[in-house]
Amino acid sequence: MSDVFEEIRLGDICIKIGSGATPSGGKETYLSKGDFALIRSQNVLDFSFSYNGLAYINQTQASKLNNVTVEKKDVLLNITGDSVARVCQVPDDVLPARVNQHVAIIRPKSEKLDSAFLKYYLLDTSFKNFMLGMSAVGATRNALTKTMIEDFKINLPSLTTQTKIAYILSSLDDKIELNRQTNQTLEAIAQALFREWFVDFNFPGATGEMQESELGEIPKGWKVGTVGDLFELQRGFDLPSTTRTKGIVPVIAASGFNGYHNEFKIKSPGITTGRSGVLGNVFYIQEDFWPLNTSLFIKAFKEATPLFSFFILRNIDLKGMNGGSAVPTLNRNEVHKVKAIIPAKNLVDRFESISLTLFQQIKNNEEQIKSLVQLRDTLLPKLMKGEIIV
């Protein structure tokens with residue numbers, strides 16, 4: 001061991017441990033933009049903060065939650081429900097912020113406990129399992145109380161060692177996040193190119209000659225058809241979790257990745273979207289995969305290429321085509337009927353070639369992310385136990 005680890009009660013080395021409340025009026029009063037963010041459990045993911053669905057509140061609401069003001073470097077811990085025990089740190093750009101009753105703020109005494117070290121300590125698998133076990137005791141709904149959190153026993157090395165450990169793990173997480181942001185940028189470039197060429201008609205070799213069509217003016221030589229002329233959608237396949245075999249083949253549901261199996265149904269590249277439950281998400285799959293029956297996948301590419309088809313689907317209001325009552329449902333035949341512009345084939349092929357280069361880089365980054373996550377998850381418990389000298 002490089003250091004002497006001392007067991008300390010968390011409540012004794014923290015300035016604050018506490019959760020907030022839902023502002024008066026509930027979610028109907030939330031703003032899409034505002035001066036104060038309201039952090040909810042959906043924003044707290046393990047290792048990272050999610051901006052999806054981040055709500056905002058006004059000055060009056062925020063003033064009533066001044067006792068749960070979030071400060072820089074605060075550790076956020078989900079304390080109720082299915083997401084209990086998820087942990088991250090607040091990003092600087094979210095501040096000023098408050099938390100609701102499902103999220104606890106943990107603010108260490110900086111001279112005793114490094115905030116980033118605490119985050120990783122709580123994310124260690126053994127401690128995560130401990131928190132999950134605690135949350136399931138004596139209640140119908142999983143919950144961690146303020147007293148439970150205060151009584152957590154933390155094995156601490158010196159502050160210097162804490163900082164070194166946090167730096168090692170944070171460096172890996174920073175690279176993971178950079179790759180994710182790069183991938184978002186690469187996809188945005190392909191999306192912008194699609195719009196420039198096939199929506200604004202500002203493509204290489206454009207002469208400006210246009211012709212009338214039922215969808216308005218389109219470039220001369222192009223035609224109007226339907227989505228069904230471009231590609232054919234088909235329902236995915238049944239695969240209950242109880243019948244899956246351990247493997248490396250991704251299983252894709254309406255909401256996206258849903259685990260692995262040992263055999264595939266569809267060769268890559270593939271495009272899927274939700275058929276039942278969750279509608280509107282469109283996924284480009286760069287490896288052989290198994291689409292679940294809650295999804296639709298492109299069975300055949302006709303006058304379209306894979307990535308061109310991907311962006312065609314992304315630009316259709318699939319959520320607005322919901323034909324279900326209790327459960328959102330998308331009928332593939334209704335999608336096939338949607339009117340679509342069919343561009344010149346050579347332009348579609350050129351777009352595919354450029355976009356494929358971008359998406360290959362995305363795939364390379366995703367592979368690196370997997371390796372970095374594996375390395376981080378391997379190092380984390382060893383560092384927390386002092387098995388690796390820093």
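Me: Which residues in H7 are called buried?

Reply: They are Pro306, Leu307, Phe308, Ser309, Phe310, Phe311, Ile312 and Leu313, and they are called buried because that word means under 20% relative accessible area, with exposed meaning over 50% and partly exposed what lies in between (1.4 Å probe, protein chains only). This is a predicted model, in which local features need pLDDT of at least 70 and side-chain atom pairs count only at pLDDT 80 or more, while totals for chains, interfaces and linings use all residues. Residues are numbered from 1 along each chain as its sequence is written, and side-chain values use heavy atoms, with hydrogens and water left out.

Me: What makes helix H7 mostly covered?

Reply: Of the 9 residues in H7 (residues 306–314), 8 are buried; helices (H or I, at least four residues) and strands (E, at least two) are DSSP runs numbered from the N terminus.

Me: Why are H7 and H9 called roughly perpendicular?

Reply: The axes of H7 and helix H9 (residues 345–384) come within 8 Å and cross at roughly 90°, where axes are lines fitted to C-alpha atoms, for helices over the stretch in contact, and angles run from 0 to 180 degrees between N-to-C directions. Angles of 65 to 115 degrees count as roughly perpendicular, under 35 as roughly parallel, over 145 as roughly antiparallel and the rest as oblique, and H7 and H9 are therefore roughly perpendicular to each other.

Me: Which residues of H7 and H9 meet?

Reply: Pro306, Leu307, Phe308, Phe310 and Phe311 in H7 meet Val348, Phe351, Glu352, Ser355, Leu356 and Phe359 in H9, contact meaning heavy atoms within 4.5 Å. By class, 9 nonpolar, 1 polar and 1 charged residues make up this contact of H7 with H9.

Me: What makes E2 and E7 edge strands?

Reply: In the open sheet of 4 strands, ordered E2-E9-E6-E7 with antiparallel pairing, strand E2 (14–19) and strand E7 (87–89) each pair on one side only. Two strands pair if DSSP finds at least two bridges between them, and E2 and strand E9 (residues 103–108) pair over 5 bridges, with Cys14 opposite Pro108 in E9.

Me: Which residues touch the most other members of the largest nonpolar core?

Reply: In this core of 41 residues they are Leu10, Ile106, Leu122, Met131, Leu144, Ile149 and Phe152, and helix H2 (residues 115–123) gives the most to the core, with 7 residues. A nonpolar core is a set of buried Ala, Val, Leu, Ile, Met, Phe, Trp, Tyr and Cys residues joined through side-chain atoms within 4.5 Å.

Conventions: Nonpolar A, V, L, I, M, F, W, Y, C, P; charged D, E, K, R; others polar.
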